[in-house]
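Please keep the sequence and the model in view while reading.

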Amino acid sequence: MTGTREHTHVVSGDAGIRNAAEVANSLREALEGHKAISVDTQTLTAADITTVQTLIAARVSASAKGKTLTLAAPLGAPLRAVLADAGLLSPAQTHRDFWPHSSDQP
């Protein structure tokens, strides 16, 4: 495993349901090789609720292994739109602290 420096993992292109397994596998591989991961979603071209579920599952898995998985700000526009449409940016949401705050967005 590499050092404790945070590794940036880029998720780009279509991260929706058609590519969910690929996205999940890439996150799993990143977590196997690094203790701290920052996920960059700025180059996403598409996202859906599956993307959100995949990211949350990766975060939970990282935590269970004593690792960290965070999201880099700003979020990619497709992911930010899914989160907003689903009401997941509300302060009352369980995983609200995972998503960079709107003040972190451009």
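**Overview of the fold**

Three strands form an open sheet in the order 1-3-5, with parallel pairing. Strand 1 and strand 5 are at the edges with a single partner strand each, so one side of each has no neighbour in the sheet. From one strand to the next, the twist averages 30 degrees. The model is a predicted one.

- Strand 1 (residues 7–10) pairs with strand 3 in the parallel sense, over four bridges.
- The pairing of strand 3 with strand 5 is also in the parallel sense and over four bridges.
- Ser-38 of strand 3 is the bridge partner of Thr-8, and Ser-38 also stands opposite Thr-70 in strand 5.
- In regular strands, side chains alternate between the two faces of the sheet.
- Strand 3 is covered on both faces: Ala-36, Ser-38 and Asp-40 are buried on one side, and Ile-37 and Val-39 are buried on the other.
- Strand 3 is accordingly described as mostly covered, with five of its five residues buried.

**Helices packed on the sheet**

**Helix 1 in detail**

- Helix 1 has 14 residues and, at 1.5 Å a residue, should span 20 Å; this agrees with its end C-alpha atoms, which are 20 Å apart.
- Which residues of helix 1 are buried? They are Ala-20, Val-23, Leu-27, Ala-30 and Leu-31.
- Because these residues cover an arc of only 100 degrees around the axis, they lie on the same side of helix 1.
- The face turned away from that buried side carries the exposed residues Ala-21, Glu-22, Glu-29 and Glu-32.
- Strand 1, strand 3, helix 2 and strand 5 are included in what covers the buried residues of helix 1.

**The nonpolar core**

- The largest nonpolar core contains 24 residues, and Leu-27, Val-39, Val-52, Leu-55, Leu-69, Leu-79 and Trp-99 have the most contacts inside it.
- Two or more residues of this core come from each of helix 1, strand 3 (36–40), helix 2 (49–64), strand 5 (68–71) and helix 3 (77–85).
- Helix 2 provides the largest share of this core, five residues.
- Not counting residues up to four places away in sequence, Leu-79 touches Thr-41, Leu-44, Ala-47, Thr-51, Val-52 and Leu-55.

**A loop residue: Asn-19**

- Where does Asn-19 lie? Asn-19 is in the loop between strand 2 (13–14) and helix 1 (20–33).
- Asn-19 counts as partly exposed because its relative accessibility is 23%, and buried residues are those under 20%.
- Asn-19 and Ala-47 are 28 residues apart in sequence, while their C-alpha atoms are 9.7 Å apart in space.
- Ala-47 is also among the residues that Leu-79 touches.

Technical notes
Residues are numbered from 1 along each chain as its sequence is written. This is a predicted model: local features need pLDDT of at least 70, side-chain atom pairs count only at pLDDT 80 or more; totals for chains, interfaces and linings use all residues. Side-chain values use heavy atoms; hydrogens and water are left out. Buried means under 20% relative accessible area, exposed over 50%, partly exposed in between (1.4 Å probe, protein chains only). A nonpolar core is a set of buried Ala, Val, Leu, Ile, Met, Phe, Trp, Tyr and Cys residues joined through side-chain atoms within 4.5 Å. Contact means heavy atoms within 4.5 Å. Two strands pair if DSSP finds at least two bridges between them. The expected span of a helix is 1.5 Å times one less than its number of residues. The arc is that of the directions from the helix axis to the C-beta atoms. Axes are lines fitted to C-alpha atoms, for helices over the stretch in contact, and angles run from 0 to 180 degrees between N-to-C directions.
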